[in-house]
Amino acid sequence: MDDEIDNQFQICVRKINNMRRENLIMYDDFIVIYGFYKQALFGDNNISKPYWFYFHNINKWNSWRKNLNKSKDDAKKDYIITASNL
C-alpha cells in the first residue's frame with residue numbers, strides 16, 4: 001500500500017510542477033498543496049516563522065504548520081486528493 005501511495009504521490013507532484021510551470025494553478029491552491037507536500041516529505045514544521053515582510057514565505061510556512069502532527073502518509077494522501085481535484 002505504501003508503494004502505491006508513493007507512486008501516486010510522485011505522479012501528482014509531477015502534475016503540480018507542470019501546472020506551476022504553465023501558470024495553471026491558482027496561488028491559493030498552490031499554498032494549500034505546498035503544506036501537504038512539505039509535511040509529506042519532512043514531517044512537522046519546526047523552523048522559525050519568516051519575517052512579516054516575506055508574505056509569500058509566511059503563507060507557505062503557515063500552510064505547512066496547519067499540518068502539524070499529521071503523518072507523512074496522511075499528508076501524501078491529502079496531496080493526492082487535492083492534486084487530483086485540480
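# Notebook: helix packing and salt bridges

I started with Gln-39, which sits in helix H2. I am working on a predicted model, where local features need pLDDT of at least 70, side-chain atom pairs count only at pLDDT 80 or more, and totals for chains, interfaces and linings use all residues. Residues are numbered from 1 along each chain as its sequence is written, and side-chain values use heavy atoms, with hydrogens and water left out. Helices here are DSSP runs (H or I, at least four residues), numbered from the N terminus.

**Entry 1: Gln-39**

Is Gln-39 buried or exposed? I found it buried, at 0% relative accessibility. My cut-offs are under 20% relative accessible area for buried, over 50% for exposed, and partly exposed in between (1.4 Å probe, protein chains only). Next I listed its contacts, meaning heavy atoms within 4.5 Å. Leaving aside neighbours within four places in sequence, Gln-39 is in contact with Asp-44, Asn-45, Trp-64, Asn-67, Leu-68, Asn-69, Lys-70, Lys-72 and Ala-75. I also checked Leu-24, 15 residues from Gln-39 along the chain, and their C-alpha atoms are separated by 23 Å.

**Entry 2: H2 against H4**

Two packed helices are described by the angle between their axes and the distance between the axes. For H2 and H4 I noted an angle of about 150 degrees, with the axes 8 Å apart. The axes are lines fitted to C-alpha atoms, for helices over the stretch in contact, and angles run from 0 to 180 degrees between N-to-C directions. H2 is therefore roughly antiparallel to H4. The angle classes are under 35 degrees for roughly parallel, over 145 for roughly antiparallel, 65 to 115 for roughly perpendicular, and oblique for the rest.

The crossing of H2 and H4 is left-handed, a label used if the near helix is turned anticlockwise from the far one by less than a right angle (right-handed if clockwise). On the H2 side, the contact is made by Ile-33, Phe-36, Tyr-37, Gln-39, Ala-40, Leu-41 and Phe-42. H4 brings Lys-72, Ala-75, Lys-76, Asp-78, Tyr-79, Thr-82 and Ala-83. By class, I have nine nonpolar, two polar and three charged residues in this contact. Ala, Val, Leu, Ile, Met, Phe, Trp, Tyr, Cys and Pro count as nonpolar, Asp, Glu, Lys and Arg as charged, and the others, Gly among them, as polar.

**Entry 3: H1 against H4**

How do the axes of H1 and H4 cross? They come within 9 Å and cross at roughly 45 degrees, which means H1 is oblique to H4. H1 passes H4 in a left-handed crossing. From H1, I wrote down Asp-2, Ile-5, Asp-6, Gln-8, Phe-9, Cys-12, Val-13, Lys-15 and Ile-16 as the contact residues. Their partners on H4 are Asp-73, Lys-76, Lys-77, Tyr-79, Ile-80, Ala-83 and Ser-84. The residues of this contact divide into eight nonpolar, two polar and six charged.

I then zoomed in on Ala-83, found in helix H4. Ala-83 is buried, at 0% relative accessibility. Not counting residues up to four places away in sequence, Ala-83 touches Cys-12, Lys-15, Ile-16 and Ile-33.

**Entry 4: salt bridges**

How many salt bridges are there? The count comes to two, taking a salt bridge as a side-chain nitrogen of Lys or Arg within 4 Å of a carboxyl oxygen of Asp or Glu.

One joins the side chains of Asp-6 and Lys-76, at 2.5 Å from N to O. This pair links distant parts of the chain, with Asp-6 in helix H1 (residues 2-21) and Lys-76 in helix H4 (residues 72-84), 70 residues apart. Asp-6 is partly exposed at 27%, whereas Lys-76 is buried at 13%.

Another is formed by Lys-70 with Asp-78, the closest N and O atoms being 2.5 Å apart. Lys-70 is partly exposed at 25% relative accessibility, and Asp-78 is partly exposed at 24%.

**Entry 5: loops and one serine**

I looked up two asparagines with positive phi. Asn-23 has a phi of about 55 degrees although it is not a glycine. Asn-23 lies in the loop between H1 and helix H2 (27-42) and is exposed at 69% relative accessibility. Asn-69, also not a glycine, has a positive phi of about 70 degrees. Asn-69 is in the loop between H3 and H4, exposed at 67%.

Ser-63 is buried, with a relative accessible area of 6%. Beyond its neighbours within four places in sequence, Ser-63 is in contact with Ile-31, Val-32, Tyr-34 and Gly-35.
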